[in-house]
Structure formats: structure tokens, C-alpha cells
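Here's a quick briefing to read with the model open beside you.

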Amino acid sequence: MPSPAHDDYEDILKELTALRLSNERYALAVTAAKVGVGDWDIPTNAFTIDPGLMHLLGYNRKVPFKGVADYAEMVHPDDRERLLEAFEYVVDAKRDAFEVEYRILPLTGSTRWLLARGWVTRDEQGEAVRVLSAHMDITDRIRTETALRASEMRYLTILENTVDGVSVYEMPEDQGEPRIID
């Protein structure tokens, strides 16, 4: 008959194995989603980033940033204030979550766009003690939206400056009568 200590050891081993598998799933999901995580411990003012966010930044930093303001040094100057305001907004108890798009200046090359979504943890008195944030690379989406807007502007410029009459029709999916939309 196994001893109680042996049973405890088996239980601990199972828990450690489950924890390791959970961490592996988390790391794979974060990597696949191209997401990075930031963790701002407000009482110590440490802003720690995970390997996913380090990768997005093109940076390998072993020590935490000294707060969000230190992290913001990597943010495009035109976007710093907006990012800091988003963090301050949740800390000041105006909301429990935030969302902000901003550009970063990675060490590895061209400017990248990130979408940050964050939420705050509060103590019993309602004071913010921690802000967790997920940062996703949205550079491709921003480039696509920019190209689409440029294409629309070219189309409108041509349409508005032609001497010929032009009509744009929309064909309904039910194969009904087309209707003029422009």
C-alpha cells in the first residue's frame, strides 16, 4: 500500500503536469494570435511584458519597465499621450476596460500598429492595483484600410471630374431590379 506521502507526491506531479500543459497552450495561442501581454503592477510601478509583446516590439528586455510611461517611450510620439490616457482612464475608476490603437517604434525596423485592450483589477477599496493588457499587431489591417481609402478617393476623384455621365448600379442578390446608388 502506497504511503500518504507517495499519494501527495503523485497529486503534486499531476498538478504540475497540468500546469505545464496549460502554460504551453497559452504560449501557443498567444504566438498564433500574434498577441503580447502587458502587466502593470501599480503599487510597484513595474510594467512587465511577455515574450509575445517583446517579439512585437523586436525587443528582448529582461527587467520590467518602470511603469507604463517607461514602456510608452517605445510608442510613436504622436500616440504616446493617447496610450497613457487610456491607462490612466481605467486607473482613475472611470471604466474597468480600455481599447486603444497606437504605433510602436520597434528596434527591428519599420513602425508597427498595435491594438491594446486592457482591464483593471481593484482592491477592496476600489483602488486600481493592476492593469493587464493584450496587444495585437494590426499593421496589416491598417495598411489595408489606408489602401482602401486611397482607392475610394481615386474613384471619387475620377467620378466627380469626368465630363461623361456615369451611373453606378447595385444588383440585388435576389436578381430583382438593379437600383442606382450613385
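What follows covers the core, the salt bridges and a surface patch.

This is a predicted model, so to speak of local features takes pLDDT of at least 70 and side-chain atom pairs count only at pLDDT 80 or more, while totals for chains, interfaces and linings use all residues. Residues are numbered from 1 along each chain as its sequence is written, and side-chain values use heavy atoms, with hydrogens and water left out.

**The core**

- The largest nonpolar core has 25 residues, and F47, I49, Y71, F87, F98 and Y102 touch the most other members.
- A nonpolar core here is a set of buried Ala, Val, Leu, Ile, Met, Phe, Trp, Tyr and Cys residues joined through side-chain atoms within 4.5 Å.
- Buried means under 20% relative accessible area, exposed means over 50%, and partly exposed is in between (1.4 Å probe, protein chains only).
- F47 touches, among others, W40, F65, V68, Y71 and F87, leaving aside residues up to four places away in sequence; contact means heavy atoms within 4.5 Å.

**Salt bridges**

- The count comes to 11 salt bridges, each being a side-chain nitrogen of Lys or Arg within 4 Å of a carboxyl oxygen of Asp or Glu.
- R130 pairs with D39, with the closest N and O atoms 2.7 Å apart.
- That pair links distant parts of the chain, R130 in strand β6 and D39 in strand β1 (residues 35-41), 91 residues apart; strands are DSSP runs (E, at least two residues) and helices are too (H or I, at least four), numbered from the N terminus.
- Both partners are partly exposed: R130 has a relative accessible area of 36%, and D39 is at 21%.
- D96 and R122 meet in a salt bridge too, at 3.5 Å from N to O.
- D96 is in the loop between α4 and β4 and R122 is in strand β5, so this pair ties together parts 26 residues apart in sequence.
- D137 bridges to R112, the closest N and O atoms being 2.6 Å apart, and the pair links strand β6 to strand β5 across 25 residues.

**Surface patch**

- I12, L16 and L19 make a nonpolar patch on the surface, with about 300 Å² of accessible area together.
- Accessible areas come from the Shrake-Rupley method with a 1.4 Å probe, and for residues only the protein chains shown count as cover.
- Patch residues have over 30% relative accessible area and no salt bridge, with nonpolar side chains (Val, Leu, Ile, Met, Phe, Trp, Tyr) joined within 5 Å and like charges within 9 Å.
- I12 sits in helix α1 (residues 4-33).
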